[in-house]
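Subject: Structure handover

Hello,

Here is the structure I said I would pass on. My notes follow below it.

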Amino acid sequence: MKRRDFIKNCIVVIAGASVPLSALVMVDPKKVLAANPEIQWAFLIDTTKCVGCGFCVKACKTENDIPFNANVTRTWVERYVFTMDDQRYVDSPKGALYGFTDSRVDLGMGEFKEIDPHNVGKAFFVPKLCNHCATPPCTQVCPVGATYKTDDGVVLVDRTWCIGCGYCIMACPYAARYFHPTLKVADKCTFCYHRITKGLETACVNACPFGARKMCNIHDINDRNTQVILRERVGVLKDDFGTKPQAFYIGLAQEVR
């Protein structure tokens, strides 16, 4: 639905209805457009621009009331380090909440690995989040329908229905789900649905100082980010799983899990 058509239809309805002004409910056009099937939200990540600063993670936790001290997060950044002697290391301390201030690789369980800078073949950062799959396995396994996909392509969790069984967490091949530490229900990235339905950017997109994260309507061929997805070389995570992820990556290395 085009904005012009929407406004025209509203005028026709209002003009033809014999109701008092007080009975009319004001409708936000942005909310109506966001719920229209013509809109399908997608995410574009340029790994060549990510520096691992962690601003996106901080913004996400702040916006969505995820405790900073909890070792869970809706979005996170991974650091990949490949050495000249063919060793590979991946870490994401606290989801990169505070960035990567330590040159040592976090091996987990309090262990760290110091890597000789002269032995590093390549190193890069990869932001991750829920992929909002076109065919999401999480919605298929939820026994109560608490996990669902909106008409505009965003996968959400209804906290009032979630029973905390954890099936969706186990079904997600991207490890994008977790138990909320205080609410005790499944939680994940929502593409900041409460923001994009009001015409705003996601918290992480707003926070990224280098433009590594972008949102777009993949059905809008005039959108610059959509054009990148449709016309340039982009990749998705775990394409062989058949989930049809809607998070697309520029510069995605084949080694990224």
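Accessible areas here come from the Shrake-Rupley method with a 1.4 Å probe. On that basis the accessible surface of the protein chain is about 14300 Å², and 55% of this belongs to carbon and sulfur atoms. Please keep in mind that this is a predicted model.

Overall make-up

The protein chain has 257 residues, 46% of them buried. It contains eight helices and 13 strands. Of the contacts between residues at least 6 apart in sequence, 61% join residues at least 24 apart.

The open sheet

Three strands make an open sheet with antiparallel pairing, in the order E3-E2-E6. Strand E3 (88–91) and strand E6 (120–128) are the edge strands, each pairing on one side only. From one strand to the next the twist averages 15°. Strand E2 covers residues 76–83 and is joined to E6 by eight bridges, the two running antiparallel. Within that pairing, Arg-79 of the protein stands opposite Phe-125 in E6. When you look at the side chains, recall that in a regular strand they alternate between the two faces of the sheet.

Pairings of E13

Strand E13 (residues 247–250) pairs with strand E1 (residues 41–46) in the parallel sense, over four bridges. Ile-45 has Tyr-249 in E13 as its bridge partner. E13 is also joined to strand E12 (residues 234–235), here by two bridges and in the antiparallel sense. In this case Val-234 stands opposite Ile-250 in E13.

Helix H3

Which residues of helix H3 are buried? In this helix, residues 55–63, they are Cys-56, Val-57, Ala-59, Cys-60 and Lys-61. What do the buried residues of H3 pack against? Their partners are E2, helix H7 (203–207) and strand E11 (213–217). After H3 comes Asp-65, which has a positive phi, near 55°.

Positive phi in two loops

Two lysines are worth a look in the backbone angles. Lys-94 has a phi near 55°, which is positive in a residue other than glycine. Lys-94 sits in the loop between E3 and strand E4 (105–108). Its relative accessibility is 46%, so Lys-94 counts as partly exposed, the range for that class lying between 20% and 50%. Lys-238 also has a positive phi in a residue other than glycine, near 50°. Lys-238 is found in the loop between E12 and E13. With 31% relative accessibility, Lys-238 counts as partly exposed.

A nonpolar surface patch

On the surface, Val-141, Tyr-167 and Met-170 form a nonpolar patch, and together they have about 310 Å² of accessible area. Tyr-167 belongs to helix H5 (residues 167–171). Why does Tyr-167 count as partly exposed? Because its relative accessibility is 44%, and partly exposed means between the 20% limit for buried and the 50% limit for exposed.

Regards

Definitions and conventions:
Residues numbered from 1 in each chain as written. Predicted model: local features only at pLDDT ≥ 70, side-chain atom pairs only at ≥ 80, totals over all residues. Heavy atoms only, no water. Pairing = 2+ DSSP bridges. Axes fitted to C-alpha atoms, helices over the stretch in contact; angles between N-to-C directions. Patch = residues over 30% accessible without salt bridge, like charges linked within 9 Å, V, L, I, M, F, W, Y side chains within 5 Å. Salt bridge = Lys/Arg side-chain N within 4 Å of Asp/Glu carboxyl O. Buried < 20%, exposed > 50% of the residue type's maximum accessible area, 1.4 Å probe, protein only. Contact = heavy atoms within 4.5 Å.
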